Amino acid sequence: MKTVRPLGLYIHIPFCKAKCVYCDFYSLPHSEEKMDAYTAALLRHIEEVAPRTAAHRVDTVYFGGGTPSYLGEKRLSKILKVIEKRYHVAKDAEITFEANPDSAGDWKALRTLRRAGFNRISLGVQSSDDEELRRLGRVHTWQQVKDAVAACRKAGLDNISLDLIYGLPNQTMEQWENTLADALVLAPRHISCYGLKLEEGTPLYDRRESLSLPDGDLQADMYLYAVELLAQNGYQQYEISNFAQPGYESRHNLKYWMLEEYAGFGPGAYSDFGGVRYGYTRDLDGYIAGRLDLAESERISPQEREMEYIMLRLRTARGIDIREFENR
């Protein structure tokens, strides 16, 4: 009897309404024509890879971006339906899509996605301060965040995650405390707290000399404050940046830190599958045309895996399991 191995699928949706000043992910303006063509290309790619996963059971599917919600509930549901038809998807699989709050206020659209099989949503909130959001190039307001969370719950989509960022330009400790307090009022199942990182090639990086950023000590204080406050409110820290109510850890993200296999689809998407780590070039038009060009590909040696195991496990609260390390 063959051993069935777990597998995560990552579907990259590279469309956004506007590019945030700190973002270095592959994303482009969305148009109906491009999104139709891209959906067709994704479906071809998903069908093509399916035979290689016969010995796997898909237990997580993650639609990331970009902003997957801009693809619309019909296209997203269509992609998920093909995945469920062509792959061995576990009945209790975690199926997540990312959304901006401004695109997640229609509870009927969210209900359609829930009925299609999506059972988790990750909202890119970042801050509860409208002025901070404006400076970041975010296209939503805090009121839209509250409306989106209410719409999710009305649609029966209760597994809600909020992404927050600390260490923003001109951000004070009080502003960060307010954002955390506002987020807790919404009672999401999961909260991610990321320190702002200036990525080369972004507008924020280009303006780095003129920015007034919290220094290292203040950033550390912001982080430690979040750790303490979230623990007091029932959120267990299971990874450096991630906190969840018991049983609501992101199973897909844990795959990256636990060195489990995942297959990515779309330009800019990465995979660690079949002992090979590879990523597709950031070329939307090429991908639509059927060119699956690789930006990089490498077979990972056992020695490299050992180092990765140690490095990635140290990001988690679970830490290093000596017996598991030796067995692997």
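A salt bridge here is a side-chain nitrogen of Lys or Arg within 4 Å of a carboxyl oxygen of Asp or Glu. With that cut-off, a search of the whole structure turns up 20 salt bridges. Keep in mind that this is a predicted model, where local features need pLDDT of at least 70 and side-chain atom pairs count only at pLDDT 80 or more, while totals for chains, interfaces and linings use all residues. Residues are numbered from 1 along each chain as its sequence is written, and side-chain values use heavy atoms, with hydrogens and water left out.

**View 1. Glu239 pairs up with Arg315 in a salt bridge.** The closest N and O atoms of Glu239 and Arg315 sit 2.4 Å apart. Glu239 belongs to strand β9 (residues 236–239) and Arg315 to the loop between α11 (302–313) and α12 (322–327), so the contact ties together parts that are 76 residues apart in sequence. Helices (H or I, at least four residues) and strands (E, at least two) are DSSP runs, numbered from the N terminus. Glu239 is buried, with a relative accessible area of 2%, whereas Arg315 is partly exposed at 30%. For these labels, buried means under 20% relative accessible area, exposed over 50%, and partly exposed in between (1.4 Å probe, protein chains only).

**View 2. Arg305 makes a salt bridge with Asp272.** Here the closest N and O atoms are 2.7 Å apart. The pair links distant parts of the chain, with Arg305 in helix α11 and Asp272 in strand β12 (residues 270–273), 33 residues apart. On the accessibility side, Arg305 comes out partly exposed at 22%, while Asp272 is buried at 5%.

**View 3. Asp293 and Arg291 form another salt bridge.** For Asp293 and Arg291, the closest N and O atoms are 3.8 Å apart. Asp293 is partly exposed, with a relative accessible area of 37%, and Arg291 is partly exposed too, at 44%. Elsewhere, salt bridges that share partners join Asp272, Arg277, Glu298, Arg305 and Glu308 into one network.

**View 4. Ala150 sits in helix α5.** That helix covers residues 142–154. At 47% relative accessibility, Ala150 counts as partly exposed. Which residue lies 36 positions away from Ala150 in sequence but 8.8 Å away in space, C-alpha to C-alpha? That would be Leu186.
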